[in-house]
Amino acid sequence: MSSANAATDEELQARARALSSPLRLRILRLCLHKARTNKEIADLLEINPATSLHHVRTLLTNGFLEAGETRRGNRGAKEVPYRATRMSWGTKIPDAAPVLVDTFLQEIDGLAPDEIQVMRIGLKLTEEDQRELLERIKGLLSEYAMRPADDDGVATSLFLAHHLDQTAN
């Protein structure tokens, strides 16, 4: 393996590690449609700004956040707004299911039942039909994920899970 490949592998591993935290995934969601400062992120997530800054720096270092122009805050302090780059959408995360489920549960915590739309369906498909279904769903989601945000739109989130039904064999 060449050193260029090793660096690429190291970068991929670092990116996967950066996305292995529900808190970091929530930060990316907060910064997807609106640039936010570390203080704003910390306040929204109800965490210490130092904790938030650690996670923001990890996301920034790995290309998932980009820093905007420094500005002056209310008391004259320097503030840096951060915005998600959307790079996380195409990044593979090994063993992603537990992290994504945990992130989803954190994000819906406190929502009223009528604020969450859920769908559930049981299917019995061949492996080929399952693969086709998942590819079509991913294609549709990718199309929407890459669209520019609509300034008049409402920020929403979608969580989709597919699993084998061990009880219906």
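How accessible is Arg147, and does that make it buried, partly exposed or exposed? At 40% relative accessibility, Arg147 counts as partly exposed, where buried means under 20% relative accessible area, exposed means over 50%, and partly exposed is what lies in between (1.4 Å probe, protein chains only). Before we go further, please keep in mind that this is a predicted model: local features need pLDDT of at least 70, side-chain atom pairs count only at pLDDT 80 or more, and totals for chains, interfaces and linings use all residues. Residues are numbered from 1 along each chain as its sequence is written, and side-chain values use heavy atoms, with hydrogens and water left out.

Let us start with the overall layout. The chain has six helices and four strands; helices (H or I, at least four residues) and strands (E, at least two) are DSSP runs, numbered from the N terminus. Read from the N terminus, the order of elements is α-α-α-α-β-β-β-β-α-α. The C-alpha trace spans about 65 × 55 × 30 Å along its principal axes. Of the 169 residues in the chain, 22% are buried. Taking contacts (heavy atoms within 4.5 Å) between residues at least 6 apart in sequence, 61% join residues at least 24 apart.

The surface comes next. One nonpolar patch of about 300 Å² is made by Leu100, Val101, Leu105 and Phe159. Patches are made of residues with over 30% relative accessible area and no salt bridge, with like charges joined within 9 Å and nonpolar side chains (Val, Leu, Ile, Met, Phe, Trp, Tyr) within 5 Å. Leu100 belongs to helix 5, residues 96-108, and is partly exposed at 36% relative accessibility.

Helix 2 gives another picture. In this helix, residues 22-30, seven of the nine residues are buried. They are Pro22, Leu23, Arg24, Leu25, Arg26, Ile27 and Leu28.

Now for the charges. The mean positions of the 22 positive and 25 negative charges are 6 Å apart. In this count, Lys and Arg are positive and Asp and Glu negative, while His and the chain ends are not counted; each charge is placed at NZ of Lys, CZ of Arg, CG of Asp or CD of Glu. Side chains of opposite charge can pair when their charged atoms come close. With a salt bridge defined as a side-chain nitrogen of Lys or Arg within 4 Å of a carboxyl oxygen of Asp or Glu, the count comes to five.

Arg147, from our opening question, forms a salt bridge with Glu143, with the closest N and O atoms 3.5 Å apart. Glu143 is partly exposed too, at 44% relative accessibility. Another bridge joins Arg136 and Glu132, at 3.6 Å from N to O. These two residues are separated by about one helical turn, because they are four residues apart in helix 6 (residues 127-145). Arg136 is exposed at 61%, whereas Glu132 is partly exposed at 41%. Elsewhere, Arg71 pairs with Glu79, the closest N and O atoms being 3.5 Å apart, and Glu40, Arg71 and Glu79 are linked in a network of salt bridges. Arg71 is partly exposed with a relative accessible area of 35%, and Glu79 is partly exposed with 24%.

Pro94 sits in the loop between strand 4 (82-84) and helix 5 and is exposed at 59% relative accessibility. The C-alpha atoms of Pro94 and Leu19 are separated by 9.7 Å, although the residues are 75 apart along the chain. Ile137, in helix 6, is 23 residues from Leu160 in sequence and 9.5 Å from it in space, C-alpha to C-alpha.

Finally, a look at the backbone. Most residues other than glycine have a negative phi, and most peptide bonds are trans. Glu46, not a glycine, has a positive phi of about 55°. Glu46 lies in the loop between helix 3 (38-45) and helix 4 (49-61), where this residue is exposed at 73%. Arg86 has a positive phi of about 75° and is found in the loop between strand 4 and helix 5. At 25% relative accessibility, Arg86 counts as partly exposed.

Technical notes:
Areas by Shrake-Rupley, 256 points an atom, 1.4 Å probe, with all protein chains shown as cover.
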